[in-house]
Amino acid sequence: MRRSLLDHDEDPEVRRALGLLTIGRLTSNSGYRFAPPFLAVIAGDLDVSLATLGAVVAVSELAGLAAPAIGRLADRLDRRHALIGGLLGVAAGSALAGAAPHPVVLAVALFALGWCKILFDAALLGWLADRVPYERRARVIALNETSWALSMLVGVPVMGLVTAAASWRWGFAAGALAMVLLAMMIARRVLPDPHRAARHRAARHRAVRHPDVGRQEATGRAALTRSGWGLVASLGAMMAAVQAVTVTFGSWLEERHGLGVVALAGVTLGLGVVELSGALSVARVTDRWGKRRSVLVGTAIMIPAAVLLAVGGDVLLLGMIALLAFIAGFEFAMVASVSLSTQLVPGQPAAGFGLMIGAGTLGRVAASYVATVLYEQAGMWLPAIVAAALVAVTTIGVARSRAVTEVVPEPR
């Protein structure tokens, strides 16, 4: 990561290791996002239906339900060990997926891959939260979050080229090899965790000062207020909203507007560019605006975009503008909400992130089914309206929540 992108007074270890950790996350994201675009190829090789592999991917998504427990685990482990173990686990899951002789084995591999990716992500966010004050945290996290968009712009296409030259099995194997190499580099670059003892001392101090919270922390459970749970649910509704659109827009473009595979690939590339722009925008402004306000700015873009998609989707140009604006608003709000989640549970940044991912998983699973049923019954307009309603719920919940107290810093 270019040091000019970071503040001059940033932690030296963050300045030294952020680039490598971002590349590590890019590879883990690539392994996680590789299977869906190549389901037809994998189905043909395994001699099963596309619907069967769709069920495999759906089962693998359920790994996100364990995110709250994984987040608590990441807070208890040494950050360095969790980072290395998580990335090696993603590599092992990718290798097993590439060797899978049967859809059941593939489902197990993708489930394990997803579980270990959450551990790596949670440990990485915890590592950053330990070293970067909350008022400056969004910039650093957003730079790291560019790995999500870059995985679709760089990582998955590279694995796709390996697939075209050999097979999808070698595509998974190439990703696994890259993760092992990066885990070895991280082991050399990232120092042992000096903050672990301090976190444990702080937890014991809170146990003395606040017995109820202390008992919760002693068992590793997240100590959230009612407002905190409301914020988690609100962010889960936002992730359900974007899922309602993403699981239906491909069918809408193909069936309503006649776009072929090449055109759909171009749209996907455009969405990747939008995701990257959203993350970089958060890096520039969110620490100045405040994390909660930034989430609300993103949802303020998403609601009218979803409505425009519903009412103007019969016109391709209007529909595409609406789709890109919706994804841009979501990416801006989502990256800001990651920073917000690291402050949900005092002293346990990975636990807060895990709770948000768990809520998002529930939302995505429900929306995947409901939105496709609604699309088959009424077309694109109904899933888009549902998405707008869910984002409205998010807006109200985030605006009313006081789970995280923010002080927006003065401009330097």
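The paragraphs below look at one pair of packed helices and then at salt bridges in this predicted model. Local features are taken where pLDDT is at least 70, side-chain atom pairs count only at pLDDT 80 or more, and totals for chains, interfaces and linings use all residues. Residues are numbered from 1 along each chain as its sequence is written, and side-chain values use heavy atoms, without hydrogens or water.

Helix 2 (residues 39-46) and helix 3 (residues 50-61) have axes that come within 9 Å and cross at roughly 115°; helices here are DSSP runs of H or I with at least four residues, numbered from the N terminus, and axes are lines fitted to C-alpha atoms over the stretch in contact, with angles from 0 to 180 degrees between N-to-C directions. The two helices are therefore roughly perpendicular to each other, a term for angles of 65 to 115 degrees. Where they meet (heavy atoms within 4.5 Å), L39, A40, I42, A43 and L46 of helix 2 face L50, L53 and V57 of helix 3.

The structure also holds 11 salt bridges, each being a side-chain nitrogen of Lys or Arg within 4 Å of a carboxyl oxygen of Asp or Glu. In one of them R33 pairs with E275, their closest N and O atoms being 3.7 Å apart; R33 lies in helix 1 (residues 12-34) and E275 in helix 13 (residues 261-289), so the pair ties together parts 242 residues apart in sequence. Both R33 and E275 are buried, that is, under 20% relative accessible area with a 1.4 Å probe and protein chains only. K291 and D287 form another salt bridge, with closest N and O atoms 2.9 Å apart, and both of these residues are buried.

Conventions. Angles under 35 degrees count as roughly parallel, over 145 as roughly antiparallel, 65 to 115 as roughly perpendicular and the rest as oblique. Buried means under 20% relative accessible area, exposed over 50%, partly exposed in between (1.4 Å probe, protein chains only).
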